[in-house]
Amino acid sequence: MPFRDALHATWQACLLTINRIKAYDECLAQAVKLHPDCERLMALEGVSVINAINLYVLLGCSDDLHFNNGREASACVGVTPIQHSTGGKAKLGSIGRHVKQVMLRSQLISGAMAVVSALSKRLPKTTKEVWLKQLIERRGKRCAAVALANKTIRTAF
């Protein structure tokens with residue numbers, strides 16, 4: 001009987017967590033409906049409700065982070081290559097990991113990875129999908145996901 005009681009308590013805690021997650025999802029959906037910019041951001045590939053809200057906060061309503069162009073915004077999120085340049089020779093390195101927006105970067109790359117993996121299973125239809133398919137063949141899935149996240153941020157800007 002003590003084992004059954006422990007299982008029952010664990011099951012009740014699991015149900016409570018599921019209900020809380022549903023309530024949070026409803027609150028996020030209502031927040032997206034309040035801002036038409038968030039709904040437009042959700043039309044981008046790999047952008048979910050959480051990504052749309054975070055992008056809106058980063059690009060739209062932040063007073064302390066003002067970007068002049070999309071490259072500055074994507075560099076703030078951390079999806080651009082690190083540049084090592086001397087004497088007129090530009091050398092691009094790997095993608096930097098020390099950035100301000102760690103969670104947004106992680107979520108955008110995860111969304112882009114979902115788009116990349118779905119694209120690898122079907123034929124491309126649009127020019128953007130053809131570009132992404134060629135990039136996957138040249139550089140690999142993970143690099144293509146980071147490039148798509150970079151393109152998403154620039155498009156959102």
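**Packing and burial**

Reply: Start with Asn51. Setting aside residues up to four places away in sequence, Asn51 touches Gly46, Leu104, Gln107 and Leu108. Bear in mind that this is a predicted model.

Me: Is Asn51 buried or exposed?
Reply: Asn51 lies in helix H3. Its relative accessible area is 3%. Buried means under 20%, so Asn51 is buried.

Me: At what angle do helix H3 and helix H5 pack?
Reply: H3 covers residues 49–60 and H5 covers residues 102–119. Their axes are 10 Å apart. The packing angle is about 135°.

Me: Which residues of H5 make the contact with H3?
Reply: The crossing of H3 and H5 is left-handed. From H3, the contact uses Ile50, Asn51, Asn54, Leu55 and Leu58. From H5, the residues are Leu104, Gln107 and Leu108.

Me: How many charged residues are in the contact of H3 with H5?
Reply: The nonpolar residues number 5. The polar residues number 3. The number of charged residues is none.

Me: How far apart are the axes of H5 and H7?
Reply: H5 passes H7 in a right-handed crossing. The angle is about 120°. The axes are 8 Å apart.

Me: Which residues of H7 meet H5?
Reply: H5 contributes Leu108, Ile109, Ala112, Met113, Val115 and Val116. By class, the contact has 12 nonpolar, no polar and 2 charged residues. The H7 side is Lys141, Arg142, Ala144, Ala145, Val146, Leu148, Ala149 and Ile153.

Me: What is the handedness of the crossing of H6 and H7?
Reply: H6 spans residues 127–139 and H7 spans residues 141–156. Their axes come within 7 Å and cross at roughly 140°. The crossing is right-handed.

Me: How many charged residues does the contact of H6 with H7 have?
Reply: H6 brings Lys128, Trp131, Leu132, Leu135, Ile136 and Arg139. H7 brings Lys141, Cys143, Ala144, Ala147, Leu148 and Lys151. By class there are 8 nonpolar and no polar residues. The charged residues number 4.

Me: Is Ile153 buried or exposed?
Reply: Ile153 lies in helix H7. Leaving aside neighbours within four places in sequence, Ile153 is in contact with Leu55, Leu59, Ala73, Ser74, Val77, Val79 and Leu108. Its relative accessibility is 0%. The limit for buried is under 20%, so Ile153 is buried.

Me: What separates the C-alpha atoms of Ile153 and Val47?
Reply: The two residues are 106 residues apart along the chain. Their C-alpha atoms are separated by 10.0 Å.

Me: Is Leu34 buried or exposed?
Reply: Leu34 is in helix H1, residues 2–34. Its relative accessible area is 67%. Exposed means over 50%, so Leu34 is exposed.

Me: How far is the C-alpha of Leu34 from that of Val146?
Reply: Along the chain, Leu34 and Val146 are 112 residues apart. Their C-alpha atoms are separated by 30 Å.

Me: What is the C-alpha separation of Ile95 and Ile82?
Reply: Ile95 touches several residues beyond four places in sequence, among them Ile82, Arg105 and Val146. Ile95 and Ile82 are 13 residues apart along the chain. Their C-alpha atoms are separated by 5.9 Å.

Me: How many disulfides does the whole structure have?
Reply: Cys38 is buried at a relative accessible area of 1%. Cys76 is also buried, at 14%. A disulfide needs two cysteine sulfur atoms within 2.5 Å. A search of the whole structure finds 0.

Notes
Residues are numbered from 1 along each chain as its sequence is written. This is a predicted model: local features need pLDDT of at least 70, side-chain atom pairs count only at pLDDT 80 or more; totals for chains, interfaces and linings use all residues. Side-chain values use heavy atoms; hydrogens and water are left out. Buried means under 20% relative accessible area, exposed over 50%, partly exposed in between (1.4 Å probe, protein chains only). Axes are lines fitted to C-alpha atoms, for helices over the stretch in contact, and angles run from 0 to 180 degrees between N-to-C directions. Helices (H or I, at least four residues) and strands (E, at least two) are DSSP runs, numbered from the N terminus. A crossing is left-handed if the near helix is turned anticlockwise from the far one by less than a right angle, and right-handed if clockwise. Contact means heavy atoms within 4.5 Å. Ala, Val, Leu, Ile, Met, Phe, Trp, Tyr, Cys and Pro count as nonpolar, Asp, Glu, Lys and Arg as charged, and the others, Gly among them, as polar.
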